[in-house]
Amino acid sequence: TTTYTLTGLAAGTSVIARVRAYYNDNLYSDFATSTFTTLSPVSYLDADGSTKQCADYTVLTGSETILTGGWYVADSELNYSQTIMLSGEVHLILQDGAMMNIGTEQTLVNGNGIQGKGNAISIYAQSTGDSKGQLRVNATYDAIYTKNVTICGGQVTASGSEYGIYTQNDAIISGGQVTASGGYGIRSNVNVAISGGQVTASGSS
């Protein structure tokens, strides 16, 4: 297997790749041609409010069921009807104007909305105004259940029948507009730290 790395390409550049297989210098298989387009860096607000750039990420499509460790961008309206599983340390950037729905108020996700036992999710936005990206999670059990949750920005609404946000370790909120509701709004087995943003947590228990 040979890997080629292309550098110095401007964002938006299209790269055409064609794979051919040879045996003893003779062509014996000609695979399909694929076209790839390089991505533009995406800005986001970090935990301290500073603007950072992310150049290596995956744009979500609304069809994902598992997010492995890495960076993801929600850049439009995305609708999920089942649990999003986390595997690793996931970073989610909500672009301005984006809306990521996991379940709805009328049709709840069965079980947990975002589940990452032993894993973590960090959520970022691009701005603090009315156009900031949104994440809405509605589930029959916990809306967000992970080892660690870090919310640096965005409008995050987590509604679960048991917990809005439940973490095995830390729930850290430094920015954004966070609304968590359920039997308990926010629960952490170790630490809840709120240093910024607007947080509303409500429970019926």
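Colleague: Asn138 stands opposite which residue in E13? Please describe the strands on either side of E11 as well.

Modeller: Please note at the outset that this is a predicted model. Asn138 stands opposite Ser159 in E13. The two strands concerned, E11 and E13, run parallel and are joined by six bridges; E13 comprises residues 155-160. Strand E11 itself spans residues 134-139 and is mostly covered, with five of its six residues buried.

E11 also pairs with strand E9, residues 99-102, through four bridges, and these two strands run parallel. Within that pairing, Met100 has Leu135 of E11 as its bridge partner.

These pairings belong to an open sheet of six strands, in the order E7-E9-E11-E13-E16-E19, with parallel pairing. At its edges lie strand E7 (77-80) and strand E19 (198-203), each of which pairs on one side only. On average, neighbouring strands of this sheet are turned by 5° against each other, direction being ignored.

In the present sheet, the pairing is parallel.

Note on methods. Residues are numbered from 1 along each chain as its sequence is written. This is a predicted model: local features need pLDDT of at least 70, side-chain atom pairs count only at pLDDT 80 or more; totals for chains, interfaces and linings use all residues. Side-chain values use heavy atoms; hydrogens and water are left out. Buried means under 20% relative accessible area, exposed over 50%, partly exposed in between (1.4 Å probe, protein chains only). Two strands pair if DSSP finds at least two bridges between them. Axes are lines fitted to C-alpha atoms, for helices over the stretch in contact, and angles run from 0 to 180 degrees between N-to-C directions.
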